[in-house]
Amino acid sequence: MGRVAGHPFLLILFLFSIAITPSIALPKIKHYKWEVEYMFWSPDCVENIVMGINGQFPGPTIRANAGDTVVVELTNKLHTEGVVIHWHGILQRGSPWADGTASISQCAINPGETFTYRFVVDKAGTFFYHGHLGMQRSAGLYGSLIVDPEEGKNEPFHYDEEINLLLSDWWHQSVHKQEVGLSSNPMRWIGEPQTILINGRGQFNCSIAAKYHSGSKPCALKGGEQCAPFIMHVHPNKTVRIRIASTTALASLNFAIGNHQLLVVEADGNYVQPFRTSDIDIYSGECYSFLITTDQNPSENYWVSIGVRARRPNTPPGLTLLNYLPNSPAKLPVLPPPETPDWEDFDRSKNFTFRIFSTMSSPKPPTRFDRRIFLLNTQNRLNGFTKWAINNVSLALPPTPYLGAMKYRLKTAFNQNPPPENFPSDYNIDIPPPNPNTTIGNGVYRFKLGETVDVILQNANMLNPNTSEIHPWHLHGHDFWVLGYGDGKFSAAVHGRKLNLKNPPLRNTVVIFPNGWTAIRFVADNPGVWAFHCHIEPHLHMGMGVVFAEGVEKVGRIPKKALACGVTAKALMKNPRNPKKTLNPKP
């Protein structure tokens, strides 16, 4: 090194060689131009209207490396409605305006307008994106977002091949009709989905496994149809990574592959202690990676079955094939598809969920919390309309995005009184609410920047006796540690001492089981305003969510288009260079 340094020309060559060394890779910018529009499509062999991107359903897959910047120029080609896209699982550090939540991080993109999302994908994992206005996810506005490790770095596990799956549910009834029904008095429930889709493909009123079930109608498919099964091609004697993400609007799902064990290695973009299982329960908003070894009889193919859990299954399982090449996909397996466990066997569901722990190298939670809030999930009524509420407040978002309203201190844009942080200690979660009436609100839970927050999600009985449903909750802008689950009502004295602080998994979506509780912990270290809500689409539509905020004063420049609605729009028109001055003039 010293001899090289003594010769200027050699020193220049040495430094140049370092600059071009392949192992030192600079982050890239991934640029996409998308147009969102309605189009005719046949996801389950029945023609319908879907919301697609650039003529595709599901939308295009984004693939990047950790540290890359993703830029999406999104043009709204819908004729009569706005649109936004949420990048599910991406933390949006430094870009809270790009989170894609209408009325929270930005204004909806109006018909004919273009909005540019720009954000850094800061860690490897399995993610997805979806519409976050009204029930546009139910209409088909979603796609995959896969982040690989930084170039030159490897995953902590080996695999030879990879398959990426988006799981969703599909209705023949239009999303607009569903929304009107949910907002009617009396409410008209959306019912169970007609079909389970695998990468946007399913079969209605026929089965590719009809030969195993008398009375089933076989599907007359030639292979080129939009509803033809997405075949999972693999080679024998390989390790295959399968990524699954649930974009469902309602259904909790169970995933199984005939004759194959699944080795779970990732959950919501975080590595977990590997464990083997015969099947996986996956709730709306969750993502997993698991490894399989293709060590079965290479002359056979094997069923992949995805059935409904936690709701009475009026929807047939979604089916496809694990196709051992070079076998023909037309060769059906010898045995019938795996049977989905009983829909209300919650002990089995809990057994899977309780096996998920973080790896030794994962970040550990703070040992103590600074603040603890309790969120009671209830079904209620408001002037005869059915609502979902948290601590008896049903969320109704304001016309001015919270991010702009709080950045510019617009005290009239939303209710400045914070929502309740607890519920009555004598509330009986095992019976319908004694007072079924709720209120509408849009207040915000505000946290100090850097504060450690515990949230206790408490489930309860619905309006009808002896009914309580699963709710998967998703937090924007953060990962959180799942400290524990339990049946009945949470007790700080009893359960608080038993929470897992040793190896709790990091997640962005977590389930609360019927009549039970779930405890999570996160650090409020990401300046912005963030949604926390049930990921079941009709439940959020009916008010099942809250809004968190921290360090908004530290948020940098927000693009003007993100605030071009509500009160902030008026200020931008009057004083585009300094809207704060217009909004808050000196007395």
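So, a disulfide here is a pair of cysteine sulfur atoms within 2.5 Å. By that rule the count comes to three disulfides.

Before I go through them, some ground rules. This is a predicted model, where local features need pLDDT of at least 70 and side-chain atom pairs count only at pLDDT 80 or more, while totals for chains, interfaces and linings use all residues. Residues are numbered from 1 along each chain as its sequence is written, and side-chain values use heavy atoms, leaving out hydrogens and water. When I say helix or strand, I mean DSSP runs numbered from the N terminus: H or I of at least four residues for helices, E of at least two for strands. Buried is under 20% relative accessible area, exposed is over 50%, and partly exposed is in between, with a 1.4 Å probe and protein chains only.

Okay, Cys 206 and Cys 219: their sulfur atoms sit 2.0 Å apart. The torsion about that S-S bond is about 95°, so this disulfide is right-handed. Cys 206 and Cys 219 are both in the loop between E10 and E11, 13 residues apart. Cys 206 counts as buried at 18%, and Cys 219 does too at 17%.

Next, Cys 107 and Cys 565, again with S to S at 2.0 Å. This link has -90° about the S-S bond and is left-handed. Cys 107 is in the loop between E5 and E6 and Cys 565 in the loop between E32 and H8, so the pair ties together parts 458 residues apart in sequence. Both of those cysteines are buried.

Then there's Cys 45 with Cys 227, sulfurs 2.0 Å apart, right-handed with 95° about the bond. What about burial: is Cys 45 buried, exposed or partly exposed? Cys 45 is partly exposed at 33%, whereas Cys 227 is buried at 4%.

Cys 45 also takes us to a hairpin. E1 and E2 form it with six residues between them, and Cys 45 in the turn has a positive phi of about 75°. Strands pair if DSSP finds at least two bridges between them; E1 (residues 29-41) and E2 (residues 48-53) run antiparallel with six bridges. On another side of the pairing list, E1 goes parallel with E4 (residues 69-76) over eight bridges.

Cys 287 is buried at 2%, and Cys 534 is buried at 0%.
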